[in-house]
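Good morning, and thank you for joining. I would like to take you through one structure, starting with its chains and ending with its domains.

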Number of protein chains: 4
Amino acid sequence: MSYRVGIINVTGFAGMEAARLLWNHPSARLTSATGRSLAGQLLGEAFPSLSVYGDLRVDEEITGDVDIVMSALPTAASAAACAPFVRSGIPVIDIAADFRLKDPAEFQAWFGQPHPAPDLLAGAVYGLPEINRDRIAGALLVANPGCYPAASILALAPAVACGLVEETVVVDAKSGISGAGRGTGGGYSYADVNEDVSAYKVANHNHQPEIAQELSSLGGGPAVRVTFTPHLVPMTRGIHATCYAPLRRSVTGAEVMGIYRDFYREAPFTSVSGQPPHTKHTLGSNSCLVHPVVDERNGMLVAIGVLDNLGKGAAGQAIENMNLMLGLPQVEGLSLPAVYP
Amino acid sequence: MSYRVGIINVTGFAGMEAARLLWNHPSARLTSATGRSLAGQLLGEAFPSLSVYGDLRVDEEITGDVDIVMSALPTAASAAACAPFVRSGIPVIDIAADFRLKDPAEFQAWFGQPHPAPDLLAGAVYGLPEINRDRIAGALLVANPGCYPAASILALAPAVACGLVEETVVVDAKSGISGAGRGTGGGYSYADVNEDVSAYKVANHNHQPEIAQELSSLGGGPAVRVTFTPHLVPMTRGIHATCYAPLRRSVTGAEVMGIYRDFYREAPFTSVSGQPPHTKHTLGSNSCLVHPVVDERNGMLVAIGVLDNLGKGAAGQAIENMNLMLGLPQVEGLSLPAVYP
Amino acid sequence: MSYRVGIINVTGFAGMEAARLLWNHPSARLTSATGRSLAGQLLGEAFPSLSVYGDLRVDEEITGDVDIVMSALPTAASAAACAPFVRSGIPVIDIAADFRLKDPAEFQAWFGQPHPAPDLLAGAVYGLPEINRDRIAGALLVANPGCYPAASILALAPAVACGLVEETVVVDAKSGISGAGRGTGGGYSYADVNEDVSAYKVANHNHQPEIAQELSSLGGGPAVRVTFTPHLVPMTRGIHATCYAPLRRSVTGAEVMGIYRDFYREAPFTSVSGQPPHTKHTLGSNSCLVHPVVDERNGMLVAIGVLDNLGKGAAGQAIENMNLMLGLPQVEGLSLPAVYP
Amino acid sequence: MSYRVGIINVTGFAGMEAARLLWNHPSARLTSATGRSLAGQLLGEAFPSLSVYGDLRVDEEITGDVDIVMSALPTAASAAACAPFVRSGIPVIDIAADFRLKDPAEFQAWFGQPHPAPDLLAGAVYGLPEINRDRIAGALLVANPGCYPAASILALAPAVACGLVEETVVVDAKSGISGAGRGTGGGYSYADVNEDVSAYKVANHNHQPEIAQELSSLGGGPAVRVTFTPHLVPMTRGIHATCYAPLRRSVTGAEVMGIYRDFYREAPFTSVSGQPPHTKHTLGSNSCLVHPVVDERNGMLVAIGVLDNLGKGAAGQAIENMNLMLGLPQVEGLSLPAVYP
């Protein structure tokens, strides 16, 4: 049995990565891929690294029957493209931000337009298996997490879930440039971005409410408030989220390590590391490495999460969600170790 | 008039950068440079970028008369090498960490050995002209700030000095690899470090007490407590310190911008930027760019400081201190714009 | 059926990459891995990207029965380690340079010591399937090509084999830093190597005789003479060989393209590109992309070959040779597209 | 005395670098700078690294009196902008390609349009002081060399000038991405260009006839024919030209080194290196490092030239030419060592 997968907007980095990973999947295959700017071209001509796909062409719309759809369109466009499939009963994984925020007013506030399909929000499941595995398995529409939220939530979830920390957290995140997307303008040219670190959208990035919403859903206490600063660093792939949360009680590093290890005992892709993890140890894979440290002097938890923004932060996560939605083993097609060095 | 400058340990990156900058200085010149591993070699043979120095040789010890000395030795070794000059009345700028912490017990706690010259600590001045300009001008021994502290203190000083923020701050700092020094081991090899971000010495780096001490000296309130996380990012030069401090009162971004601009009105090398600054806009220069943002949702100040870790974070700063100590114009030899791109 | 593979010196980059690729192989698995400096450690502790290997430990010597051995030891040490296996009838792939040069005097001339096992040289097969596929399939000892030679020979082979070019060729090759190996000294530190291009061993690198030997074996004419210049460029993986050979007769670009496409018609991993290929289009894969251009003004063939120095230039190539030696499909375990971007 | 300099198109990388260098010049200052896309903005707002320029605005046209003009416009547009100044007797340095090729038919062949000011070609001097110093000093219009030609010609000139090599040469050049210019499209985005080497315009780049013309003018023999391949490597600045020329006679490395050292004895910015030079040893400076090697096995000269494509390859060279044209010391304002690391 081989499921037929459609990718809407294969021409962005997340879509390309999903196509790359599907090539290695034993039970699913890419049968239709869209991308308006390149419609009509062979996928392997547009992207030589995907030349294994031979005569598969990029289309304007999904063609033929598909068993599941992934959308990597920009926000808002994605909801519009996903809705018809969901309404026809075809499972959809939305890699864009459209179905992540539960409250359509929040969507309007952060994206400056009404939500294109508010009726689908209630049924959408936030696609982070470490906290939502069973609900993903039964969902028709999964909202794939953002790359920053995936790293940040996985870094903080065990501490928040057990009430270990205060509700005021700081998330300082560093991203490789591919997080800014393909075909973007002059601000991401090599000469400008190489040998440079800079912050952007300080305390004003739309991943902030996503992190806050999901962390809040984990604890029984007050809503979590997040100060979030994203940074661009000169590498292609990788997210390093360094999270700071005041501790509610005195705790040892070993105790926190135990809490974290218990929390992720069943998670195939998230590991708790005893050392500060390196983004490079996740490159090209679906891994997330988490590392909690107790700053005893200041009563602060410092929790680090690293992943590949196109892997566990986007396309790898989407394949993992696909596996759960289709009843396949969670790890199928995703067991590749990271490319190192 | 041309002052004669001696550099102890010209063979580290900070020493090399001081030599580079001195070449362009109209009133001072490098006349003696030490470096045991390369003693006897021409400076320009050891480091081709310094071939302009012609027949200047690297010596084992400072030779000939010098008017001022800079030491870029490792911590502890540096104090021992600086002490004889100070005791002879020759002005010294210590680029190492030896004379930064006022309390010798703190030195012992962080560096694991007794301070080599505790009698000199009281007279040492912390060499950050933005907060200590007049004292530097009259000092015989200046402790040049660490690269992380320079960026962090300059980012937070205006807010701390006017009591705008609580005493519990988070400093999340990103550094280029040259901050790890020259000739270091396999952990900083290109293949390991490229395409990677990682934290190290989480909540346990010796720059933490330095930042806390200097910020505490600015405010009239309780001692500032700092949670400090340094990270390595794949670039050669640059520090990006992102600092988080809870606001004591409601304040607008414009008001904070005004406070910052006032604080640095007389500072020739620290500018307040209206946009998130880029480390690359300081490369090769003595500039520091500071950018405060108010996160109104969470009552948090996010203050960013960027600089070149070998410039305003080490050798440029040392030249600026030298100018003040010798009664030269503060900006002499340092007016070069950053190299961009 | 799952063949048991031993890797001698898994702790170098080529050994690590072979371990990574074997994890994905359906018919072979890594059962024993050596590495003296890390003996006793778990493979996944020494190298977090290989943590999938769980409780596999690095040993001092190959332990247990193995069906095939790969050696990634340094030159000379490798022959000594390989010889006992070969003599016991266990197939060996030597990733080092020990069995590549047919003439032991050449080995002595280039490596400064006598060949450790000259009796095995006659039976060793040069492991480039594009030119030696059938002989590899029947070999007990395969000399895996060097990274530079693999790219260079594949770029020039079709032209040399049909007598299209003169015997005097120039090979100008650019390599990522991982080609210099793991754990190497200060010359490959990030701060030195980033933002830098430099040549090394100009006209004096031991890959020169290897390229010359193999190209000479293809043509019926005079021995090919190679001027070879390797360069280091600031990236982790990738080889770009730009080869120049005077044309013996007037020929069009289209004609040469036809010759190249015919030559590689049956090769699963080497493709002829109509555009200048990018090393990045091969990253993490076993692909080689070749691109011939005719410089009509000067009667010169410019032939480009690109590959991942750890993939088709080392470990990927070794797996491909293993497949042939074990009678497995040539492409098994190697069909992964390149990681892009 | 301070000469007033106008820069046409300060908004490209070469124009920005000229502005940076002029800030450090004791006898010349930037008084007018144009750039249509940014006209009206403060130079320091458009480019924060140039904030030292305070209230200097980018204009649409050169304003006020200027003593000399540099143009960094694109080819063809540049000639049109330079011509009025030349015709008014104001000295002009054209950093574009417009006045480099002596034959207007060659211009037409390579740039696909008639030359905009063919009457000025005869009077234009090719601005490479190592071969044309006296003629530059007397010129009203100087054609600043291209970045690839500067490195290539300086690498080969001593050998060609003394008839040591055949007239058929190969130039294999590697460039940092800034050579592609500012504001260029998606092909130079970080995610595409990082971790990649690729060739472009193989045997078809307009710097080929420029190299051939200037080398031909040096020798008394047949016209030099050049096979030229430019490559992009993942760094911001730097050119590494590796040049191959068959030797006409047997010669030792020491003899060639002597020929090179004699040739450049009076050149303040071009040095002959006894080791393979690093592009990074020239970063931000006006240096060129040259290194000749004799491949005795094959009777081939391998000659390497490295420089900063924005320094000796563009803006630094322009300042050097300006100094000569204005009768200033050749090295004024250009004595800065390279930024290293």
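By what turn and what shift along the axis can chain A be laid on chain B? In this predicted model, a turn of 180° with a shift of 0.0 Å along the axis places chain A on chain B, and the RMSD is 0.0 Å. The two copies are thus related as by a two-fold rotation axis.

Let us turn to the place where the chains meet. Chain A gives 40 residues to the contact, and chain B gives 40 residues. On the side of chain A that touches chain B, at least two residues each are supplied by the strands β8 (168–175), β9 (198–199), β10 (225–232), β11 (239–246), β13 (288–295) and β14 (300–307), and also by the helix α7 (190–193). By class, that side of chain A has 19 nonpolar, twelve polar and nine charged residues. Of the interface residues of chain A, 100% are also interface residues in chain B, so the copies meet through the same surface.

Next, the division within a chain. Chain A consists of domain 1, covering 3–144 + 312–326, and domain 2, covering 147–308. Their C-alpha centres lie 24 Å apart. Domain 1 of chain A brings 19 residues to the contact between them, and domain 2 of chain A brings 27 residues.

Which elements give two or more residues to the domain 1 side? In chain A they are α4 (104–111), α5 (129–137) and α10 (311–326). The largest share, six residues, comes from α10(A). By class, this side of domain 1 of chain A has nine nonpolar, four polar and six charged residues.

Technical notes: Residues are numbered from 1 along each chain as its sequence is written. Chains are lettered from A and ligands numbered from 1 in the order in which they are written. This is a predicted model: local features need pLDDT of at least 70, side-chain atom pairs count only at pLDDT 80 or more; totals for chains, interfaces and linings use all residues. Copies are superposed by least squares on the C-alpha atoms of residues with pLDDT of at least 70 in both. Two residues are in contact if their C-beta atoms, placed from the backbone, lie within 7 Å. Domain bounds come from an automatic or database domain assignment. Helices (H or I, at least four residues) and strands (E, at least two) are DSSP runs, numbered from the N terminus. Ala, Val, Leu, Ile, Met, Phe, Trp, Tyr, Cys and Pro count as nonpolar, Asp, Glu, Lys and Arg as charged, and the others, Gly among them, as polar.
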